[in-house]
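Dear colleague,

Please find the structure below. My notes on its contents follow.

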Amino acid sequence: MSQERKPLVSHIFTADPSAHVFNGKIYIYPSHDIPHDGEDNDDGDEYRMEDYHILSLDNPDAPCVDHGCALHMKDVPWVSKQMWAPDAAYKDGKYYLYFPARDKDGIFRLGVAAGDDPAGPFVPEADCIPGSYSIDPAVLADDDGKFYIYYGGLWGGQLEMWQSGSFNPDEHRPEGDEPAIGPMFAELDDDMKHFRTEPKHLQILDENGEPLKAGDEDRRYFEGPWMHKFGGKYYLSYSTGTTHYLVYAESDRPDGPFTYRGRIMEPVIGWTTHHSIVEYKGKWYLFYHDCELSNGINHRRCVKFTELHIAPDGTIETIRPYD
Ligand code: FUB
């Protein structure tokens, strides 16, 4: 019985699913939303996550397994609060969990934890990844053995606050015809725990080769980057935040520049939209979340998936989530 477009689990609230195939199963690395009655705001203070539960599916029709707490905030010395959207990678017998959280100064940084099993438990590094900031890490294991990390999010994710190279909470937010801020990119070092290259912003261009503008809210980057490869090309997908779309852009290189291609998914119930794309046995799947399980409460989300149809030239068919 297909569980497509239904909450994968309902005993906890889950969001921001990063899906990977490890050992022939689909493992899902989501955020774990905590119910509370506080207000929502533009800084995302309502997202009070404290731990990660890894989920898995033996196949898309199998029941979803919750493997329990794989990492808790109390075990990460540098974190003060808000363990947001994670991702995972596998290299040389070890699994690595990448996660954003606020440090003791309230600044979002990226952390990494390692384990022997895709479902954890994961042992965190004592400090965040040196030189890291903002949120939403996503790691691509490229075919040549290199690993790339993509990250960054506007507003509560603090990406704008680093435009000068250091943290400035009063930094100007680009708007109108000013160039939009792209997501961050770096190659990971052999130990998977450091950046090998200086992080840089990725450029996303329009059909005329011009950088997308900050006011182009239907297309510009907001948060939640993901990278998949198809036909040898690199596809960067992300959330447009304020307009609630999942969209994608294409490049011949992992570090761009990328050219905007189109929309993957129309808005879901709830403010945030965040996804991953994974191939399993020759079919492509989109993992995403909405707030159906809580009747629209923004910080009580549920992870779902649906099949994704990709044409031979890489074009992704737009999904209307409730059709
Ligand atoms: O889950 C907290 C934040 O909400 C994530 O980091 C963003 O991508 C958005 O989904």
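Which residues does L188 touch, not counting residues up to four places away in sequence? L188 touches Y98, V139, F147, I149, H194, F195 and R196, where contact means heavy atoms within 4.5 Å.

Please note that this is a predicted model, in which local features need pLDDT of at least 70 and side-chain atom pairs count only at pLDDT 80 or more, while totals for chains, interfaces and linings use all residues. Residues are numbered from 1 along each chain as its sequence is written, and side-chain values use heavy atoms, with hydrogens and water left out.

L188 also belongs to the largest nonpolar core, which has 40 residues; Y98, I149, L188 and Y238 touch the most other members. Such a core is a set of buried Ala, Val, Leu, Ile, Met, Phe, Trp, Tyr and Cys residues joined through side-chain atoms within 4.5 Å. Buried means under 20% relative accessible area, exposed over 50%, and partly exposed in between (1.4 Å probe, protein chains only).

The structure also holds 28 salt bridges, each a side-chain nitrogen of Lys or Arg within 4 Å of a carboxyl oxygen of Asp or Glu. In one of them, the side chains of R301 and D16 meet at 3.8 Å, N to O. Both R301 and D16 are buried, and R301 has a relative accessible area of 2%. A further salt bridge joins K233 and D252 (3.2 Å, N to O). Here K233 is partly exposed, at 28%, whereas D252 is exposed, at 57%. Finally, a network of salt bridges links E187, D189, D190 and R196.

Yours sincerely
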